[in-house]
Amino acid sequence: MKKILVTGARGQIGSELVTKLRSQYGTDQVIATDIREANDEGPFEVLDVTNPEQFFSVAKKYEVDTVMHLAALLSATAESNPKRAWDINMGGLMNALEVSRELELQFFTPSSIGAFGPTTPKDQTPQDTLQRPTTMYGVNKVAGELLCDYYHERFGVDTRGVRFPGLISYVAPPGGGTTDYAVEIYYEALKQQKYTSYIAEGTYMDMMYMPDALQAIIDLMESDPAKLVHRNAFNIAAISAAPEDFAAAIQKHIPDFQIDYEVDPVRQKIADSWPNSIDATAATVEWGFKANYDIAAMTKDMLEKIKQSEPAKS
Ligand code: VAH
């Protein structure tokens, strides 16, 4: 029976991943951890992933067999404090890998389209290609991909991971990401029928609805390891879109919705360094990856779910 420790459990991915894992494997089989205390219906521990002793003792206490390591600073926050980002993103990852090695645990951590840079082919970015990111977040992601490969080759740790696009969800808002606009736009559309985008018109990035992201994690972790040629950095993709594409999808439900632009140069520079779209063939061939939500289906569901969760405000 799987017993899973999740770090960053109060984050955008973690908050929904814990719920989905508990529905699949049982509440007591999933230990949620985060740097901040939480009221949680299942097992929860405060865990600072940069503290190796604390990390080891929590994993040992619950006798977990899997670590899903999500605790990290995202791209925009990392650019504002690169040294702290290195310490958390790389120090935390090393501790997670060391615990997984010592306790012989299966391991998942996400990479990102942020692992690519301005010299990477921008359209249908290949699975194996040039990776020279120009952000601290991207440096962390490339180094993380290589470190996870190393722990598999050198120590036999069953490490696995995907390169996530920008993730869109309605449960826990993202914090400090470049793609956060694609979440904010839905809330603003319902609140005031308009949104001022900090990312310029015509800026394409790969995006994905959270349900597809969560299913991808479970499918990869349950897949036959003998079929995995790549392990820690599978490109996965669903929706290549620019701000005006979100606006057009929203206008099908809120005809008066308007978008305008006040570009944030820092986050625009990050977005411009990332691909317009990525090729997910390897994930489909090696473990059957498939996205179910396109921008129309995601928009319909996002607007409905936000209305249900915030009836008074929207
Ligand atoms: C960010 N949402 O914007 C994250 C993600 C691909 C983007 O890594 O930093």
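User: Which residues line the second largest pocket?

Analyst: In this predicted model, the lining consists of Gln127, Asp128, Gln131, Val142, Glu145, Leu146, Asp149, Arg163, His230, Arg231, Asn232 and Ala233. The volume of this pocket is about 170 Å³.

User: Why is Glu104 called exposed?

Analyst: The cut-off for exposed is over 50% relative accessible area. Glu104 has 72% relative accessibility, so Glu104 counts as exposed. Glu104 is placed in the loop between α4 (82-102) and β5 (106-108).

User: Why is Gln193 called partly exposed?

Analyst: Buried means under 20% and exposed means over 50%, with partly exposed in between. The relative accessible area of Gln193 is 34%, and therefore Gln193 is partly exposed. Gln193 is in the loop between α6 (181-192) and β10.

User: What is the phi of Glu104, and what is the phi of Gln193?

Analyst: Phi is near 55 degrees for Glu104, a positive value in a residue other than glycine. For Gln193, phi is likewise positive, near 55 degrees. Most residues other than glycine have a negative phi.

User: Which members of the largest nonpolar core touch the most other members?

Analyst: Those are Ile168, Tyr186, Phe246 and Trp287, in a core of 73 residues. At least three residues of this core come from each of domain 1 (4-166 + 210-235) and domain 2 (167-206 + 239-309). A second, separate core has 22 residues, including Val49, Phe55, Leu93 and Ala96.

User: Which residues are in contact with Ile168, leaving aside neighbours within four places in sequence?

Analyst: Contact means heavy atoms within 4.5 Å. Among the residues in contact with Ile168 are Gln12, Ala182, Tyr186, Met208, Phe246 and Met302.

User: Where is Ala200 found, and what is Ala200 in contact with?

Analyst: Ala200 lies in the loop between β10 (194-197) and β11 (205-209). Beyond neighbours within four places in sequence, Ala200 is in contact with Pro243, Tyr261, Val263 and Gln268. The C-alpha atoms of Ala200 and Asp272 are 9.7 Å apart, with the two residues 72 apart in sequence.

How values were computed
Residues are numbered from 1 along each chain as its sequence is written. This is a predicted model: local features need pLDDT of at least 70, side-chain atom pairs count only at pLDDT 80 or more; totals for chains, interfaces and linings use all residues. Side-chain values use heavy atoms; hydrogens and water are left out. On a 1 Å grid over the protein atoms alone, a cavity is a set of points where a 1.4 Å probe fits but cannot get out, and a pocket is an open set with protein on both sides within 12 Å along at least five of seven lines; lining residues have an atom within 4 Å of a point. Grid points are joined across faces, edges and corners, and a volume is the space filled by probe spheres set on the points. A nonpolar core is a set of buried Ala, Val, Leu, Ile, Met, Phe, Trp, Tyr and Cys residues joined through side-chain atoms within 4.5 Å. Buried means under 20% relative accessible area, exposed over 50%, partly exposed in between (1.4 Å probe, protein chains only). Domain bounds come from an automatic or database domain assignment. Helices (H or I, at least four residues) and strands (E, at least two) are DSSP runs, numbered from the N terminus.
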